[in-house]
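Dear colleague,

Please find below the structure that I am handing over to you. I would be grateful if you would look through it before reading the notes that follow.

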Amino acid sequence: MSGFVVVGSQWGDEGKGKIVDLLTERADIVARYGGGPNAGHTICVGDRRFALHHIPSGILRENVLCVIGNGVVIDPGSLLKEIGDLRGAGVRVEENLRISDRAHLILPYHRGCDIVREEGVKDGKIGTTRLGVGPTYESKAGRYGLRVADLANRAGLEEKVRALARLTRSASGDRLPSEWDPSPGEVAATYLEYGARLTPFLTDTSLLLNERLDRGSVVLCEGAQGTMLDLDHGTYPYVTSSSSTAGGACTGLGISPIRLEGVIGVLKAYSTRVGEGPFPTEQDNDSGRRIRERGREFGSTTGRPRRCGWFDALVARYSVMINQIECLALTLFDVLDAFDEIPICVAYEHQGRRLDVLPADPAVLKACRPVWEVLPGWKADTSVARRFEDLPEAARHYVRRLEQTVGCEVGIISTSPQRDGTIIRPQGRIARWLPVRREERLA
Ligand code: IMO
Ligand code: MG
């Protein structure tokens, strides 16, 4: 029983990459369980910045095995590029990366379908990353998807691609742009070559994970996206097409819920969202622009400016419940260093009534007005703090107030993108869960 899940608690981009990279010091394996190239996890080591899309954020640690699980959808061309870039930077990818042979593949038709749908509608646009992620999960659920294991079947591949192309064309209303509609023969040939290059990494990752867990390994299950983007629990239909909540770790990796010991939620000290959909605490004004500038809130996958706003305790409470989060990692804390006052949303008001839980209907959520509690700012540089006690009193008050309104402890506070810009509270759950560094445990 040494599986831990790291899950996004808002709309993605919470800084999961940094937290996973940090906790990896105390883990043996990091396993991605969902999403695909729509994820963008940025990690800073020294003055080097790495933007990862498919590959788990543990890859920068030398002795950690990284797994891309069956629940992930893979764009093999872009994954191979990511592998090449890391290799070029001297990272040990060959030794440390394993990919599930049950993972589904993104094909050009999927990307074309995603693009056409987004461009074809006036209202009801989702604001997807246009990387074909949604249509690929549709093929999976529709049982005509292509999996990594299919790339070993030279004789049957073209026929499978042909069937998939036909159904995806029809899902796009037969409007696939020609550049995303290559002949199935061409796609089969390209994908066979991708398959050959990926072969050294492929394995039955569920078997691998279960065997390693049996032997006492610590496995960090890395979530992509966030709770509010989960297909079931997020702000549907403005969500991604996979299970980004903690439950997705079991289906996306092939490990039992009984294996999981705890869930760590990553939470920004404010809120952001990319793409369309309701966002009650959004600040489409000077405050929002200042947050965007200070937090460098531009998508690492698409470069889009992120929508920015204040902290929403309803979103956080909901995430804590859905994922049973028992420890929060509060990130991008230093972004708030410059503000005189910092509002947090403690409830919503809808048509004169107070709401304390998130409504299911996006139209209702859109019409909700935040009930604010305004906290004093601290106007000091927190990026130098190494212990909770080093923070200014108003900053400590902000953290405590968040803990009270959300009902969950904050065990980690990240005060800069760097590894050392981090406070780990020694009395927190996280210190009890992952007490020993890997090297010490193995020595
Ligand atoms: P990480 O892992 C932020 C959003 C898109 C869009 C919606 C659906 O970096 O936190 P999709 O392409 O998945 O069909 O788009 O989901 N989205 C993300 N937003 N961070 C992510 O990942 C996201 N992955 C998808 O912007 O609104
Ligand atoms: Mg992102």
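**The cavity and the ligand site**

The largest cavity has a volume of about 30 Å³. Please bear in mind that the model is a predicted one. In the whole structure, the search found one cavity of 30 Å³ or more. Its lining is made up of Leu23, Arg26, Ile424, Ile430, Ala431 and Leu434. Sorted by class, five of these lining residues are nonpolar, none is polar and one is charged.

Where does ligand 1 sit? Ligand 1 is placed in the largest pocket. Around ligand 1 there are 20 residues, and the closest of them are Asp13, Lys16, His41, Thr129 and Thr240. This shell comprises seven nonpolar, ten polar and three charged residues. Both domain 1 (3–95 + 204–433) and domain 2 (104–200) contribute to the shell, with at least three residues from each.

For Thr240, a polar side-chain atom lies 2.6 Å from an oxygen atom of the ligand. For Asn38, a polar side-chain atom is found 2.9 Å from a ligand oxygen atom. Val274 takes part through its backbone, where a polar atom is 3.0 Å from an oxygen atom of ligand 1. Taken alone, ligand 1 exposes 540 Å², and the protein buries 98% of that area.

With kind regards

Note on methods: Residues numbered from 1 in each chain as written. Chains lettered and ligands numbered in written order. Predicted model: local features only at pLDDT ≥ 70, side-chain atom pairs only at ≥ 80, totals over all residues. Heavy atoms only, no water. Near = heavy atom within 4 Å. Polar contact = N/O pair within 3.5 Å; in protein donor to acceptor, adjacent residues only side chain to side chain. Areas by Shrake-Rupley, 256 points an atom, 1.4 Å probe, with all protein chains shown as cover. 1 Å grid on protein atoms, 1.4 Å probe; cavity = no way out; pocket = protein on both sides within 12 Å on 5 of 7 lines; lining within 4 Å. Sits in = over half its atoms within 2 Å of the grid points. Nonpolar A, V, L, I, M, F, W, Y, C, P; charged D, E, K, R; others polar. Domains from an automatic or database assignment. Points joined across faces, edges and corners; volume = space filled by probe spheres on them.
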